[in-house]
Amino acid sequence: MQPTTKCLPMDCTYRYLPFRKMNHVMPVTVAEAVAASVNPWAAHDPAFEVVWHGGEPLATGREHLAALMSPFKGSKHSLQTNAALVDNAWCEFLLEHEVHVGVSVDGPEDMNTHRVTLAGHPGYRVTMRGIERLRRHGIPFSAIAVVSDPAPENAARFYDFFAELGVSTLGVNVEEEEASALCAQSTPSSRPLWDTN
């Protein structure tokens, strides 16, 4: 589920995030409606998981994210983050709510050129600062990497980077440009399905 369109404080250049500059936040009523339909599944499956992914879930704020998570009974929660907003308070929240964390990072610094801040600066150090806070609090995390140039000669260095980070699992997405994403990005009237404004 996508709790917000905001990607703050990052402004990644990937083309599949057409609403990242808009400020749409999922209403709690949407989470309640989804929870009503999936709670019976979760009651029979202890591994049932709600994944908060898209935009930057932490940009939703702790109070609102907790309100979005609250209607789900018997579900585990996970979120995918760029880790830029991870601070001690967020680490406490993640531990308290037993949220599994996935971090979006594309490998060593020179492989992270698409992940930039709103000011246009490289976002690697910001993400690594958040990862270090997760590690200090003993919060395990997985990773998703978008690979723009899957050159075989980079594979070992790429693998070593994530092995040294100690990620629990690694998902790798090879970047591709899709016509539908380009079309959605260039259509100003397009809105997220849950936007009620």
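Modeller: Val172 is partly exposed, because its relative accessible area is 43%. Here buried means under 20%, exposed means over 50%, and partly exposed lies in between (1.4 Å probe, protein chains only). This is a predicted model, in which local features need pLDDT of at least 70, side-chain atom pairs count only at pLDDT 80 or more, and totals for chains, interfaces and linings use all residues. Residues are numbered from 1 along each chain as its sequence is written, and side-chain values use heavy atoms, with hydrogens and water left out.

Where is Val172? It lies in strand S5, residues 170-174. Strands (E, at least two residues) and helices (H or I, at least four) are DSSP runs, numbered from the N terminus. Now for its partners. Setting aside residues up to four places away in sequence, Val172 touches Ala145, Val147 and Phe158. Such a contact means heavy atoms within 4.5 Å. Asp106 lies 66 residues from Val172 in sequence, yet their C-alpha atoms are 8.7 Å apart in space.

Which residues lie nearest the centre of the second largest pocket? They are Met111, Val147, Ser148, Asp149 and Asn154, out of 16 lining residues. Strand S4 (141-147) and helix H5 (155-165) are the elements that each give two or more residues to this lining. A pocket is an open set of points on a 1 Å grid over the protein atoms alone, where a 1.4 Å probe fits and protein lies on both sides within 12 Å along at least five of seven lines; lining residues have an atom within 4 Å of a point. The second largest pocket holds about 270 Å³ of space. That volume is the space filled by probe spheres set on the points, which are joined across faces, edges and corners. Its lining has nine nonpolar, four polar and three charged residues. Asp, Glu, Lys and Arg count as charged; Ala, Val, Leu, Ile, Met, Phe, Trp, Tyr, Cys and Pro count as nonpolar; the others, Gly among them, are polar.

Take Met111 next. Met111 sits in the loop between S3 and helix H4 (124-136). Is Met111 buried or exposed? It is buried, because its relative accessible area is 19%. Beyond its neighbours within four places in sequence, Met111 is in contact with Asp106, Asn154, Arg157 and Phe158. Asn154 is 43 residues away from Met111 along the chain, with 9.5 Å between the C-alpha atoms. Phe158 therefore touches both Met111 and Val172.

Rings of Phe, Tyr and Trp (its six-membered ring) pair if their centres lie within 6.5 Å; planes under 30 degrees apart are stacked, over 60 edge-to-face, and the rest tilted. The structure holds six aromatic pairs. One of them joins Phe161 and Phe162, edge-to-face, at 5.0 Å centre to centre and 85° between the planes. Both Phe161 and Phe162 are buried.

Most residues other than glycine have a negative phi. Ala83 has a positive phi, near 70°, and so does Glu98, near 50°. Ala83 is in the loop between strand S2 (76-81) and helix H3 (88-96). Glu98 is in the loop between H3 and strand S3 (99-104). Ala83 counts as buried because its relative accessibility is 0%, while Glu98 counts as exposed at 67%.

Now step back. The protein chain has six helices and five strands. Along the sequence they follow the pattern α-β-α-β-α-β-α-β-α-β-α. Of its 197 residues, 44% are buried. Among contacts with a separation of 6 or more, 74% join residues 24 or more positions apart.

Last, confidence. pLDDT is the predictor's confidence in each residue, from 0 to 100. The chain averages 83, and 78% of the residues score at least 70. Over residues 179-197, pLDDT stays under 50. Where pLDDT is low, the predicted coordinates should not be read in detail.
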